[in-house]
Amino acid sequence: MFSGLPVAGVVMRADYGLSTAGLGLVLGCLSLGVATCDLLWGMLTDRLGDRRTLITGLTATGALLALMAAVAAPGDGVGTALLAGCVFALGALGASVNSASGRAVMTWFADGERGLAMSVRQAAIPAGGAVGVALVPWLAGTYGFRAAYLALALLCLLSVAATWRWLHEHDGGAAAPGARPAAGPSPLRRPDVWRLALAGGLLTVPQFAVLTFTGIFLHDARGQGTLLAGVAVIVAQVGGGAARIGTGLLSDRGRDRRALVRVIALATAVAMAGAAVLTSAPVALTVAALALGGLLANAWHGVLYTEAAVMAGAGRAGSALGLAGTTLFGAAFVTPLVVPALLEVAPWEAVWAFAALTPLLAVPLVPARARR
């Protein structure tokens with residue numbers, strides 16, 4: 001849902017009769033919903049547990065998607081404001097996945113295993129995103145958004161069934177070795193946790209710039225259809241998922257997680273600067289640069305989420321992950337609003353240069369490694 005709907009932006013803009021700014025608002029509301037409710041879901045997860053939180057949130061998300069298929073498809077008289085409200089609610093309900101699945105990793109795995117486990121969990125996001133990129137634009141363009149919403153509702157309900165069958169609380173409610181709650185203040189009162197979360201927000205900007213606007217850029221500036229945009233985003237999503245697993249393995253082998261986040265941030269800045277330089281190059285080079293930038297912008301999530309959860313301790317991991325999700329999706333909301341405003345006064349080169357600047361600003365925000 002989170003990846004498929006933005007890549008179907010060209011179809012959504014045409015079918016719903018939206019302006020580019022209106023499209024940015026609608027798609028941004030998906031992330032705003034997550035940013036608004038992610039911390040609340042995280043705190044609820046710390047109280048209710050992973051299983052109940054996931055089942056509740058996924059069921060509600062699937063039900064809302066089914067309702068949108070019935071009454072909020074193009075042709076049903078839905079205006080920009082109502083569509084944005086529905087998409088906001090999708091984000092708010094879907095935010096239940098973030099903290100609950102991350103806390104499950106914290107309680108099931110010890111510290112030397114969490115980097116890989118959390119990265120596999122994070123790799124599921126671009127893997128599912130690749131399915132959404134392949135499925136949603138095709139369904140929306142061929143059969144309409146009613147069919148696209150129904151397909152997404154079915155996938156949410158299948159996730160509920162998988163959660164019911166396979167995800168259970170750790171034996172006796174006990175945490176894995178090394179996963180005891182950390183002493184000291186709440187993660188919401190710790191400057192180092194806030195710095196890490198804010199760095200993640202800055203790193204989110206190039207990720208969502210590529211995800212949301214590659215299709216619009218290739219259509220409006222380069223005269224291309226949705227195929228190349230889909231290829232670029234799928235490469236970024238699948239490659240980013242593989243990179244998350246690789247960085248997770250590195251962190252489990254003793255590499256400093258915070259240093260890894262800084263290295264990925266620098267590499268992302270360089271790649272997006274290359275995309276800015278190659279904006280008017282042959283289209284194959286432009287698409288390759290955007291795909292690389294998107295791949296690197298997808299590579300840091302598992303390591304950063306693991307570090308945030310470890311800093312907070314298992315008993316407060318939901319809150320820490322909720323805080324990280326709030327900054328990440330807050331940036332994901334702002335990005336689709338900033339880009340159209342930037343395009344009003346500057347060319348596409350400035351958009352990709354902006355996406356190169358934000359990861360560079362994230363580097364000094366990542367706190368230094370704690371002394372043992």
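Mentor: Start with the term. A cavity is a set of grid points where a 1.4 Å probe fits but cannot get out. A pocket, by contrast, is an open set. Keep in mind that this model is predicted.

Trainee: How many cavities of 30 Å³ or more are there?

Mentor: Two. About 60 Å³ of space lies in the largest cavity. The second largest cavity has a volume of about 30 Å³.

Trainee: What is the lining of the largest cavity by class?

Mentor: Seven residues are nonpolar and two are polar, with no charged residues.

Trainee: Which residues line the second largest cavity?

Mentor: Gln207, Val210, Leu211, Val233, Ala236, Gln237 and Asn298. H9 and H10 each supply at least two of the lining residues.

Trainee: Now the open kind. How much space lies in the largest pocket?

Mentor: About 1400 Å³. Its lining has 47 residues, and those closest to the centre of the pocket are Leu58, Val97, Ala124, Ile125 and Ser159.

Trainee: Which elements give two or more residues to the lining of the largest pocket?

Mentor: Go along the chain. They are helices H4 (50-71), H6 (96-108), H7 (111-142), H8 (145-166), H9 (191-220), H10 (226-252), H13 (301-312) and H14 (317-345).

Trainee: Which element gives the most to the lining of the largest pocket?

Mentor: H7, with eleven residues.

Trainee: How do the residues of that pocket lining divide into nonpolar, polar and charged?

Mentor: For the largest pocket, 28 are nonpolar, 17 are polar and two are charged.

Trainee: Which residues does Asp46 touch, not counting residues up to four places away in sequence?

Mentor: Arg103, Gly315, Arg316, Ala317, Gly318 and Ser319.

Trainee: Which side chain does a polar contact join to that of Asp46?

Mentor: The side chain of Ser319, at 2.9 Å. The cut-off for a polar contact is 3.5 Å between N or O atoms.

Note on methods
Residues are numbered from 1 along each chain as its sequence is written. This is a predicted model: local features need pLDDT of at least 70, side-chain atom pairs count only at pLDDT 80 or more; totals for chains, interfaces and linings use all residues. Side-chain values use heavy atoms; hydrogens and water are left out. A polar contact is a pair of N or O atoms within 3.5 Å; within protein, one must be able to donate a hydrogen and the other to accept it, and residues adjacent in sequence count only if both atoms are side-chain atoms. Contact means heavy atoms within 4.5 Å. On a 1 Å grid over the protein atoms alone, a cavity is a set of points where a 1.4 Å probe fits but cannot get out, and a pocket is an open set with protein on both sides within 12 Å along at least five of seven lines; lining residues have an atom within 4 Å of a point. Grid points are joined across faces, edges and corners, and a volume is the space filled by probe spheres set on the points. Helices (H or I, at least four residues) and strands (E, at least two) are DSSP runs, numbered from the N terminus. Ala, Val, Leu, Ile, Met, Phe, Trp, Tyr, Cys and Pro count as nonpolar, Asp, Glu, Lys and Arg as charged, and the others, Gly among them, as polar.
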